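Reader: I am new to this structure. Please show me how to read its features.

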Amino acid sequence: MRLHWLVIIAVLLLAACSAAPSPDQSPVSAPLHGDELPGRLLFSREGGVWLWEGRTARQLIAPPATQPAFDPRGERIVYVAARAGASDLWVADGSGAMLAQLTRNDPAAPPGSIERVYAAMWAFYPVWLPDGSGVLAAAQAAPPVGDPPADAPFAIFRYDLNGQRQPVFADANAHIGRIVVLPSDELIAVRTVLGSEGQQQLYRIAGGQAEPLPGAPTPAYDPAVSPDGKWVVFAVGINGGSDLYTLPAAGGSPVRITDLGTARAPVFSPDGTLLAFLAIPPGERGFDLYLATVTVDDAGLRLGPSRRLSTGFAINPDAGLSWTR
């Protein structure tokens with residue numbers, strides 16, 4: 001497994017606890033307060049899922065829980081629960097109460113045992129289908145094999161709410177990461193070629209075929225699609241940091257829209273008039289939430305001045321953001 005995926009897994013494991021989530025878990029972290037935010041926004045910090053509503057952010061799902069995503073109606077949440085050597089997909093209702101476990105990647109073998117190494121698998125980056133009938137996620141088709149054990153590449157699978165899964169797209173030469181779904185049901189996904197030292201690329205996937213998104217630079221990651229499906233905003237790695245770029249969803253000329261040096265994890269507001277994203281404020285260490293207005297005209301998509309909404313939240317950037325009414 002290459003560096004990029006090792007870093008993701010290490011971050012998730014550091015944030016996770018060893019116990020599986022259960023319906024009787026209750027949030028314990030104190031609420032946080034920031035500036036006004038319309039609608040409801042999910043993010044992850046301290047290994048749990050948090051909900052920002054109005055001026056208050058509170059822990060909604062206790063650890064281990066990360067990479068949350070609202071369904072299209074804002075009524076259910078899919079998220080990742082990571083433990084020692086494995087991660088699973090869970091679904092909760094809007095209050096954080098557990099509804100379903102979509103995967104069972106965490107074997108009964110004890111942590112640290114060779115039996116567990118050869119039985120456990122990973123699932124990451126869940127996203128709902130536009131009709132809410134199921135979830136897409138990046139996951140492994142099979143447990144590790146070989147000596148030493150080698151993980152299978154991450155592919156895209158569809159998970160029905162009864163836990164049944166179907167393959168959607170696989171690439172024997174690459175890992176597939178974060179996925180976004182266009183209104184046309186086509187996908188834009190992060191693809192990391194095996195042996196490429198973590199160089200992430202944006203690919204458009206349609207009809208089982210994948211092609212590089214025309215105009216997208218490399219490395220590019222954290223894609224977000226506007227509600228009308230016409231624009232993609234994504235992070236581009238620059239000199240050890242990152243900033244946000246945009247281009248038409250069909251491809252085109254990329255345009256840089258932030259100049260903070262650490263911006264990533266963009267998400268559009270439900271009406272498409274605002275963009276939230278994460279960045280590290282100057283002189284600080286953790287990621288906080290920023291907000292900017294979105295303008296689309298003949299010149300393309302542009303952002304107004306960004307405004308910092310939180311202070312010291314230390315939000316997990318790899319977990320992303322999810323925004324609903």
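Author: Start with strands: they are DSSP runs of E, at least two residues long, numbered from the N terminus. Two strands pair if DSSP finds at least two bridges between them. This is a predicted model, where local features need pLDDT of at least 70, side-chain atom pairs count only at pLDDT 80 or more, and totals for chains, interfaces and linings use all residues. Residues are numbered from 1 along each chain, and side-chain values use heavy atoms, without hydrogens and water.

Reader: Which residue in β22 is the bridge partner of Asp297?

Author: Gly300. Strands β21 (288-297) and β22 (300-303) are antiparallel, with four bridges. They make a hairpin, with two residues between them.

Reader: What is the strand order in the open sheet of four strands?

Author: The order is β7-β8-β9-β10, paired antiparallel. β7 (123-128) and β10 (165-169) are at the edges with a single partner strand each, so one side of each has no neighbour in the sheet. Inside the sheet, seven bridges link β8 (134-140) and β9 (154-160). One of the pairs is Ala138 with Ile156 in β9.

Reader: How is empty space found?

Author: A probe the size of a water molecule is rolled over the atoms. A pocket is an open set of points on a 1 Å grid over the protein atoms alone, where a 1.4 Å probe fits, with protein on both sides within 12 Å along at least five of seven lines; lining residues have an atom within 4 Å of a point.

Reader: How many residues line the largest pocket, and which lie nearest its centre?

Author: The lining has 39 residues, with Phe70, Val127, Val225, Ser322 and Trp323 nearest the centre. Strands that each supply at least two lining residues include β3 (66-70) and β7.
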